[in-house]
Amino acid sequence: MTEILPAPVEAKDFLDFVNQAQSPFHATEQAVIRLRKAGFEEIKEKDNWDHVLKRNGKYFFTRNKSAVIAFAVGGKYQPGNGFSAIGAHTDSPCLKVKPVSKKEKLGYLQVGVQLYGGGLWHTWFDRDLSVAGRVVVETEDGKLENRLARIDRPILRIPTLAIHLDRSTSTDGFKFNNETHLTPMISTVTKSLTGEPAKPLKPDTELNGDIPLYEKHHPVLLHLLAQELNVDKEKILDFELCLYDTQPSAIGGAYNEFIFSGRLDNLMMSYCSVEALIRSLNNSESLANDPNIRLVSLFDNEEVGSNTAHGADSNMLPSTFERLSNAVYDNETAANRSTTAYLQALPKSYLISADMAHAVHPNYSEKHDDGHRPHMHKGVVVKINANQRYATTAPTTVVLREVAKKYKVPLQEFVVRNDSPCGSTIGPMLSAKLGLRTVDVGNPQLSMHSCREVCGTEDVALAIKLFEGFFEEFPAVDARLTVD
């Protein structure tokens with residue numbers, strides 16, 4: 001029998017990351033914690049970066065506290081040189097608390113929720129749920145602060161209907177209405193803080209925006225948030241809360257070969273990107289000899305189209321590229337600044353769009369093209385689509401393969417069947433917006449967009465190794481490639 005070994009350290013470290021990242025805000029915070037520990041310096045978009053940025057320097061900034069860009073300036077960087085970039089996203093399909101969430105029905109207090117993204121919503125039934133996200137509070141001195149909140153115990157549940165009350169489930173499958181049946185309960189009226197029946201909301205014809213916060217949401221929810229933040233509930237002004245499954249992510253499988261977790265899409269690629277950037281800097285000579293800027297961008301709102309101020313379709317990455325191309329580094333003078341540096345940099349740059357991929361499913365193998373069936377533990381998946389739902393081209397694939405060959409990382413290919421729809425990523429929009437050479441990749445997983453997903457433990461280290469190799473080797477590989 002094959003020896004049962006512990007899971008790789010990278011898989012265990014990912015668990016530490018994802019178990020603290022129940023919302024895009026928490027995912028960004030976890031990335032920032034790792035960046036700070038690795039010596040990255042925080043800068044602000046609103047500040048002037050001239051003479052702040054230095055060659056061999058490491059920096060990061062956040063936008064909306066749900067997106068982050070981190071970069072390291074090569075020791076041989078000159079304005080007009082390229083960017084070695086990886087892009088991923090911090091958001092995952094989930095349920096979000098509505099602006100007016102207070103509901104009461106037949107003695108149960110319920111919390112109204114919105115659907116965020118394209119989730120497999122049936123997987124959220126009968127799970128032990130809680131909330132995490134951002135809360136705006138007023139401090140004692142009148143300042144308005146954004147604070148992260150996470151209630152670390154199950155407070156919500158969406159119960160299914162017993163089969164005895166709906167025999168059609170056994171013949172017609174589990175069917176439900178997203179508005180009326182996907183509403184979690186938080187308490188019973190008799191056990192609520194006041195014991196009083198919930199007050200009805202104002203009619204829709206009146207302005208619900210004028211209602212105090214404590215009338216929009218159940219007092220018990222506000223009480224739990226106030227307790228978590230150690231503030232009076234009257235100081236809570238607003239919030240953005242995601243529901244999450246309180247069952248921790250875990251290593252599973254007979255041989256410790258699986259990761260069972262929520263939000264693998266796309267916190268796995270977010271983690272691997274940040275970790276690879278940090279590891280690529282362990283050898284100071286590597287960055288000192290790099291003519292490029294190494295950069296990781298983690299965006300929000302990919303699951304709903306990326307068309308937000310902190311999504312991939314915003315100006316976040318283009319403006320960063322432009323500012324870095326036009327900045328004055330070290331003790332140089334602005335007189336040396338090139339007016340075309342930004343435009344020169346783009347064709348010299350390369351983006352890895354890192355988003356999870358579909359592993360072949362043992363029970364639905366017919367859903368995969370015969371020649372393109374990615375497996376766990378067999379390498380990072382390169383995603384290709386003739387209709388450009390992915391941004392991968394032959395030259396961009398060659399670049400990645402050269403890196404993978406040197407670092408001994410296996411690659412697989414995924415192509416969707418012709419009779420199947422195809423998803424997309426941030427790759428095509430950034431490639432088109434910037435004229436940027438881009439390749440779409442991801443680790444293989446099952447149950448994508450479920451409340452609980454599955455991927456392979458060995459694939460974590462493979463992705464980190466590939467991305468680390470890309471940061472270190474792209475300029476040399478690119479010097480060998482001629483396209484235009």
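Start with the open sheet of nine strands, which has mixed pairing and the order E1-E2-E3-E13-E4-E14-E18-E16-E17. Strands here are DSSP runs of E with at least two residues, helices are runs of H or I with at least four residues, and both are numbered from the N terminus. Two strands count as paired if DSSP finds at least two bridges between them. This is a predicted model, in which local features need pLDDT of at least 70 and side-chain atom pairs count only at pLDDT 80 or more, while totals for chains, interfaces and linings use all residues. Residues are numbered from 1 along each chain as its sequence is written, and side-chain values use heavy atoms, with hydrogens and water left out.

Contact means heavy atoms within 4.5 Å.

Residues 58-63 (E2) and 67-73 (E3) pair antiparallel over six bridges. Show Thr 62: Val 68 in E3 stands opposite.

Move to the open sheet of five strands, E11-E12-E20-E19-E15, also with mixed pairing. Its edge strands, E11 (250-252) and E15 (357-358), each pair on one side only. Helix H1 (residues 9-18) packs on this sheet, touching E11 and E12, and its direction makes about 5° with that of E12. E11 and E12 (258-261) run antiparallel, joined by three bridges. Finish at Ile 251, with Ile 259 of E12 opposite.

Terms used
Axes fitted to C-alpha atoms, helices over the stretch in contact; angles between N-to-C directions.
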